[in-house]
Amino acid sequence: DRWHGKRSRGDGLKHWLQAFVRVAVTAVIIVGPIFTFFYDDGKSAFETRILLVKHLENTINPRILDVGTGNGVLTTMIAIEVLDKQGTVTTIDSDTAASKSAEATFTRKRLNNAKALNLDVLDLHTIDEDYTHSVIAMCLHELDPKRRVAILEAMSHKTQNGKILVLDFTPSTSGFTNLSKFRNTVMESLSGHYTNFKSWVASGGLEALIDEMEESRKAGTLNIPPLKITRTEYEDRKTHAVYTVEVGSLERPAVEVEEEKQDTTKKGWFW
């Protein structure tokens, strides 16, 4: 039968089995890296948010503001973390659907210490509450430079004598030198805000932005409390960081007044 181009039933089954195996192997080779690429990005995003929440471990009676509700995952993580510390968390978003979804999640999980407000961050001045901590995760790099400053200004006014925690990309996050940087560059180029992402990286990220804001404050062109920044790098990839911005008071700090007095005294003596 073989010489006449015919196959037995067993040969036909074997042929289809081999074809199936070849297709399956090809699919794994092609789809596997793509799946890993996107799965790892999601895993990275979740792990970095855990890193941010860890900064709230040793707080006592914290009042936390989460700017940008999104899917509500970060707010929920924070609410659970500070529940036994008598802490509260308020999340704000200009997207009504996001706020409603977050409220439903808090109700379902019985998180009485969390609430969601349908509010734009630039309207924070319309509410009476002040906070010990404000957090914002993976948002600032998406925005144009002027809105970044406006958001941080609004947050600083509501977090005087507290801390702003920022999770975002480091300036070294872009490029093609490793998989993480390549993935970040590709994902951001597809996101619709690639120009803002590039400006974030090129300008030096949050550290450079806070330095510029501090210079403007001292020059009297920006009405914000004093800001001091440190960062904790995400050691696995060093493409993300949790930045801690210590916020002073809108009242001029005593150390600055004293320094000004010393400068005046020196100038008067010299002349």
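E129 and K115 join their side chains in a salt bridge with an N to O distance of 2.9 Å, the term meaning a side-chain nitrogen of Lys or Arg within 4 Å of a carboxyl oxygen of Asp or Glu. This pair connects distant parts of the chain, since E129 sits in the loop between β3 (114-118) and β4 (133-137) while K115 belongs to strand β3, 14 residues apart; helices (H or I, at least four residues) and strands (E, at least two) are DSSP runs, numbered from the N terminus. E129 is partly exposed at 32% relative accessibility, and K115 is partly exposed at 33%, where buried means under 20% relative accessible area, exposed over 50% and partly exposed in between (1.4 Å probe, protein chains only).

A salt bridge also forms between the side chains of D120 and R147, at 3.2 Å from N to O. Here too distant parts of the chain are linked, with D120 in the loop between β3 and β4 and R147 in helix α4 (residues 145-158), 27 residues apart. D120 is partly exposed at 24% relative accessibility, and R147 is partly exposed at 27%.

## Basis of the model

The structure is a predicted model, in which local features need pLDDT of at least 70 and side-chain atom pairs count only at pLDDT 80 or more, whereas totals for chains, interfaces and linings use all residues. Residues are numbered from 1 along each chain as its sequence is written, and side-chain values use heavy atoms, with hydrogens and water left out.

The mean pLDDT of the protein (the predictor's confidence in each residue, from 0 to 100) is 80, and 69% of the residues reach 70 or more. Over residues 1-5 the pLDDT is below 50, and this stretch has 1 contact in the model beyond near neighbours in sequence, a contact being heavy atoms within 4.5 Å. Residues 31-43 also have pLDDT below 50, with 13 contacts beyond near neighbours in sequence.

## Further charged pairs

The count of salt bridges comes to 7. One of them joins the side chains of E214 and R217 at 2.7 Å, N to O; because E214 and R217 are 3 residues apart in helix α7 (residues 205-219), about one helical turn separates them. Both E214 and R217 are buried. Elsewhere, a network of salt bridges links E81, D84 and K85.

The chain passes from β4 through α4 to β5 in a right-handed β-α-β crossover, that is, with the strands pointing away from the viewer, the path from the first strand over the helix to the second runs clockwise.

## A buried threonine

T244 lies in strand β7 (residues 240-247) and is buried, at 11% relative accessible area. Not counting residues up to four places away in sequence, T244 touches H55, K163, I164, L165, K228, I229 and T230.
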